[in-house]
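Hi,

Here is the structure I promised to send over. Have a look at it first, and then read on for what turned up when I went through it.

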Amino acid sequence: METAAQTIFQYHEATKHHFRRYARSAGFLDWRNQPDPFRVYAGASRCRLPLLSKDPPSAHRALYQRSETPIRTASAAAVGAFFELSMGLSAWKTAGENRWSLRMNPSSGNLHPTEAHLIWPGTDDLPPGVFHYHPFYHVLEQRMALPEALQGALRAALGEGAFLIGLTSIFWRESWKYGERAFRYCLLDAGHALAAMSFSAALLGWRVTALNGLSDASVEAVLGFDRTVWPEGGEEAPELLCAVHPADAAAPRGLDPEMIAAFAELPVAGDPNPLSGRTVDWEIIDAAAKATRRPETDGIAAPLPDRPFLDAPPSAFSAAAVIRKRRSATAYRAGAGIAREVFFGILDKTLPRRGAAPFDLGAAPPSVDLLLFVHQVQGLSPGLYYLVRTVDGLTRMKGLAAGDLRWSSVDEQLPLFLLKTGDFRNTAQTLSCHQDIAGDGVCAVGMIANFEPVVASDPSRYRRLFWESGMIGQVLYLEAEAAGIRGTGIGCYFDDPVHALLGLADDHCQSLYHFTMGVPVEDRRLGTLPPYGHLAGDLQG
Ligand SMILES: Cc1cc2nc3c(=O)[nH]c(=O)nc-3n(C[C@H](O)[C@H](O)[C@H](O)COP(=O)(O)O)c2cc1C
């Protein structure tokens with residue numbers, strides 16, 4: 001019988017893009033069956049969350065360092081701010097008659113497979129319960145009420161002022177467009193959402209900690225998924241639960257089995273909406289999701305290094321302004337660059353460090369390093385570089401990669417190594433499915449994971465490697481905005497040709513996500529409307 005690891009390796013191999021063949025998909029967009037980007041639990045009672053009338057004033061650095069941020073008391077207003085600045089709408093875009101919403105968290109194809117849930121022990125202004133967050137209305141849909149005993153148990157387990165959030169993925173939203181590769185995109189999007197939540201929490205003096213010990217079955221029990229009747233293709237698959245808690249307090253890494261059993265007894269309310277008239281079942285995605293299911297573990301977090309931040313030029317924008325103005329660039333001004341100090345400041349934020357958002361949420365030990373195609377950075381020769389984010393990344397890649405790479409250290413404080421000088425604009429563009437943005441900008445990035453040994457030892461880590469890559473992508477998006485430039489995630493790249501560039505001969509390391517940054521060229525054909533104009537007249541708080 002095939003092992004879970006074999007199944008997921010086969011999935012990964014089958015969903016690579018090759019120069020001569022893209023990963024399997026429908027090959028056309030069935031617009032009549034485009035999935036609804038908004039999940040509704042019809043019949044569930046709704047609690048309106050106030051929208052922010054004024055953003056938290058924190059400077060950009062508060063995204064990462066929480067020590068100067070006052071800790072907000074848990075309340076409906078605070079949890080509203082938390083969701084608004086992570087999963088809420090950021091704008092509406094218009095082109096002629098067409099109009100579509102964007103969100104604080106980016107998403108492959110703007111399809112938004114990630115849903116967020118809240119497990120709330122109860123405050124005077126928000127009843128205890130399990131809720132689904134609906135970003136269009138900025139409301140919570142109550143799926144379960146919590147009996148008093150469970151409220152008390154939850155409070156005791158999490159500590160004062162803490163609550164849980166759950167993230168889930170609807171695979172069909174992505175497979176509608178991307179076919180078999182869609183599972184990867186869902187995982188990357190979940191990583192973006194995780195980092196987005198870690199950042200919005202930081203602005204409220206809170207910290208997000210992954211409940212890494214919980215099995216997927218436990219997550220489903222807490223969210224009521226084991227007793228929800230799903231419409232075809234509209235199933236939500238569990239990603240993870242996290243504690244959101246005052247930054248100076250500790251959080252558990254799991255939940256007591258008795259508490260899980262108590263959640264599993266609760267009746268659920270609300271019928272999930274069908275997302276399309278007709279759906280297509282991509283069996284390979286179901287198999288990949290099954291192979292990567294998480295068992296119950298001890299959930300122990302790997303210690304992160306204590307590492308001071310580089311002394312980089314401060315951003316002209318506040319933390320909340322950076323979150324709100326984040327967009328994907330569709331084109332870059334070729335030849336426009338940034339200064340070396342600014343570039344290093346951006347890269348520095350992608351390094352995992354103890355006590356700093358977002359990587360201290362501890363979903364797994366850091367396992368992803370960065371391959372950089374540097375095009376336009378003043379004071380840095382164009383070429384290929386490697387940023388080592390992981391404990392053993394340097395020795396690993398030196399041992400696996402081609403022997404002609406230089407590996408010369410570029411900076412005393414940043415673990416950045418020059419591999420090769422040269423003009424890699426065409427290479428980056430070609431490798432990124434020929435997308436101009438990979439060659440025209442300041443740089444392109446490939447996220448190189450320690451893949452085969454990690455996934456072989458624990459297939460559920462496949463998902464976590466992609467989450468980590470998505471989180472790095474979210475950091476790069478925000479850092480580009482903070483520096484006055486712009487970023488774009490790149491899910492479309494040719495997998496093995498990227499590996500060949502480094503001279504990698506096997507699947508030990510794999511590139512899981514790409515990214516580009518540059519000086520954006522605005523698309524003047526598009527109009528922009530405010531995110532919540534459609535709720536005008538409703539309560540502001
Ligand atoms: C995982 C992921 C992969 C993406 N891949 C691409 C890509 O290959 N090419 C591209 O132009 N944009 C890509 N994007 C950008 C999305 O199209 C963009 O996030 C979405 O349209 C929403 O727009 P916004 O980021 O401005 O909110 C990707 C985004 C994510 C999160």
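Predicted model: local features only at pLDDT ≥ 70, side-chain atom pairs only at ≥ 80, totals over all residues.

Most peptide bonds are trans, and most residues other than glycine have a negative phi.

His-138 is not a glycine, yet has a positive phi of about 55 degrees. You'll find His-138 in the loop between strand E6 (129–134) and strand E7 (139–145). Is His-138 buried or exposed? With a relative accessible area of 0%, His-138 is buried.

The other one is His-434, where phi is near 65 degrees, again positive in a residue other than glycine. His-434 lies in the loop between H12 and H13 and is partly exposed, with a relative accessible area of 45%. Leaving out residues up to four places away in sequence, His-434 touches Tyr-22, Gln-429 and Phe-494. If you want a sense of scale, His-434 and Ala-190 are 244 residues apart in sequence, and their C-alpha atoms are 26 Å apart in space.

The link between Cys-433 and Cys-492 is left-handed, at -85 degrees about the S-S bond. Cys-433 counts as buried because its relative accessibility is 11%, whereas Cys-492, at 23%, counts as partly exposed.

Here is how two other cysteines look. Cys-242 is in no disulfide, and the nearest cysteine sulfur, that of Cys-186, is 17 Å away. Cys-242 counts as buried, at 1% relative accessibility.

Now for the helices, starting with H3 (residues 148–158). Its buried residues are Leu-150, Gln-151, Leu-154 and Leu-158. These residues cover an arc of only 105 degrees around the axis, so they are on the same side of H3. An α-helix has 3.6 residues a turn, so residues three or four places apart point the same way. The buried residues of H3 pack against strand E5 (114–120), strand E8 (163–169), strand E10 (237–246) and helix H7 (257–264). On the face turned away from that buried side, H3 carries the exposed residues Glu-148, Ala-149 and Ala-156. Just after H3 comes Gly-159, with a positive phi of about 95 degrees.

Helix H11 (residues 393–400) can be read in a similar way. Which of its residues are buried? They are Gly-393, Arg-396 and Met-397. Their arc around the axis is only 85 degrees, which puts them on the same side of H11. The partners of these buried residues are strand E13 (368–374), strand E15 (383–387), strand E18 (443–450), H16 and strand E20 (509–518). Thr-395 and Gly-399 are the exposed residues on the face of H11 turned away from its buried side.

Last, a helix pair. Helix H1 (residues 4–14) and helix H5 (residues 182–202) pack at an angle of about 100 degrees, and their axes are 9 Å apart. H1 is therefore roughly perpendicular to H5. At the contact, Ile-8, Tyr-11 and His-12 in H1 meet Ala-182, Phe-183 and Arg-184 in H5. By type, the residues of this contact are four nonpolar, one polar and one charged.

Cheers

Note on methods
Residues numbered from 1 in each chain as written. Heavy atoms only, no water. Axes fitted to C-alpha atoms, helices over the stretch in contact; angles between N-to-C directions. Helix = DSSP H or I, 4+ residues; strand = E, 2+ residues; numbered from the N terminus. Parallel < 35°, antiparallel > 145°, perpendicular 65-115°, else oblique. Contact = heavy atoms within 4.5 Å. Nonpolar A, V, L, I, M, F, W, Y, C, P; charged D, E, K, R; others polar. Disulfide = S-S within 2.5 Å. Buried < 20%, exposed > 50% of the residue type's maximum accessible area, 1.4 Å probe, protein only. Arc of directions from axis to C-beta.
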